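Visitor: I would like to go through the charged pairs and the packing of this model. Could you take me through them?

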Amino acid sequence: MRLYKDVIAFKVDGKPARVKERVIKDSEIHLIINGILSRRFYVTPSNLREFTIGYLLGEGLIEKVSDIKLLDIDRGTINVGIDLKDESMARESVVGSDSLGGWRYRIESVKEINSTFSITSDELFEAFDRLVKGARLWKMTGGAHVAALVSGDKFILAEDVSRHVAVDKIIGAGALEMVDFTETFIVYSGRMPADMLIKVARVGIPIIASNAAPTYSGYKVAVDAGLTMIGFVRDERFNIYTHPERIKT
């Protein structure tokens, strides 16, 4: 499936000129959980199985892939059946939007990350080099966020118009490959607000690094959750905002 469209644009560099450009596809996806919880997303229509699994894990709705009893994808509709750990959630009709933090505001359901996993600064920069080289949609369109989960020799990469969904996709892919999340780290493009950090902490990933900035809400989550948060990874420098013991410089 082509995840971009060719369009005609006008480039002005002294005189008008028609040029062919590529724009990334985004589609509305309707996620229905147990026939009760309903959530709509605009996503890049790829890796939807991985996205669904990662979303359910990051929201704390499931603890493992086998908790999913049904996962049916029919064009723009995804139907899933799960054993809800919190039955009170079944009384809700709509899962909150990303801008409201969704269910991710439930920081009390996140256990502190207990991991002695560490990486070197060289490993961090190498991962970002691979991220940039693998970011196909970003290079073609400029409209994608890109994220990667690094687990030993595995480098699981995903791109999406949404930074949240890109991370959902790599978490879901990692779960399907049965990686030990406590021995992994994430590199990605995008800010690090509270809802993103809660998602990552909930599955036990101990390190997240971005070439963008954190927010103070994200900083507070990282402190409380025992998560190492790294920002502004560029030009051979970066800032370690929380729990620096996991980075060997």
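Visitor: Before that, what kind of model is it, and how are residues numbered?

Guide: This is a predicted model, in which local features need pLDDT of at least 70 and side-chain atom pairs count only at pLDDT 80 or more, while totals for chains, interfaces and linings use all residues. Residues are numbered from 1 along each chain as its sequence is written, and side-chain values use heavy atoms, with hydrogens and water left out.

Visitor: How many salt bridges does the structure hold?

Guide: The structure holds 7 salt bridges. A salt bridge here is a side-chain nitrogen of Lys or Arg within 4 Å of a carboxyl oxygen of Asp or Glu.

Visitor: Which residue forms a salt bridge with Asp6?

Guide: Asp6 pairs with Arg2, with their closest N and O atoms 3.3 Å apart. Arg2, Asp6 and Arg22 are also linked in a network of salt bridges.

Visitor: Which strands does the pair Arg40 and Glu28 link?

Guide: The side chains of Arg40 and Glu28 form a salt bridge of 3.6 Å, N to O. Arg40 sits in strand S4 (residues 37-43) and Glu28 in strand S3 (residues 27-33), 12 residues apart. Arg40 is partly exposed, with a relative accessible area of 46%, and Glu28 is partly exposed at 38%.

Visitor: Back to H5, then. How many of its residues are buried?

Guide: H5 is mostly covered, with 9 of its 9 residues buried. Among the elements covering the buried residues of H5 are helix H1 (48-58), H4 and strand S12 (228-234); contact means heavy atoms within 4.5 Å. Just after H5, Gly204 takes a positive phi of about 90°.

Visitor: How do the axes of H1 and H4 cross?

Guide: The two axes come within 6 Å and cross at roughly 95°. Axes are lines fitted to C-alpha atoms, for helices over the stretch in contact, and angles run from 0 to 180 degrees between N-to-C directions. H1 and H4 are therefore roughly perpendicular to each other, a term for angles of 65 to 115 degrees.

Visitor: Which residues of H1 take part in that contact?

Guide: Arg49, Glu50, Phe51, Ile53, Gly54, Tyr55 and Leu57 in H1 meet residues of H4, including Val165, Asp168 and Lys169.

Visitor: Moving on to strands, how do S11 and S12 run?

Guide: S11 and S12 run parallel and are joined by 3 bridges; strands pair if DSSP finds at least two bridges between them. Ala209 stands opposite Ile230 in S12.

Visitor: Why is S12 described as largely enclosed?

Guide: S12 is largely enclosed by the rest of the structure because 5 of its 7 residues are buried.

Terms used. Helices (H or I, at least four residues) and strands (E, at least two) are DSSP runs, numbered from the N terminus. Buried means under 20% relative accessible area, exposed over 50%, partly exposed in between (1.4 Å probe, protein chains only). Angles under 35 degrees count as roughly parallel, over 145 as roughly antiparallel, 65 to 115 as roughly perpendicular and the rest as oblique.
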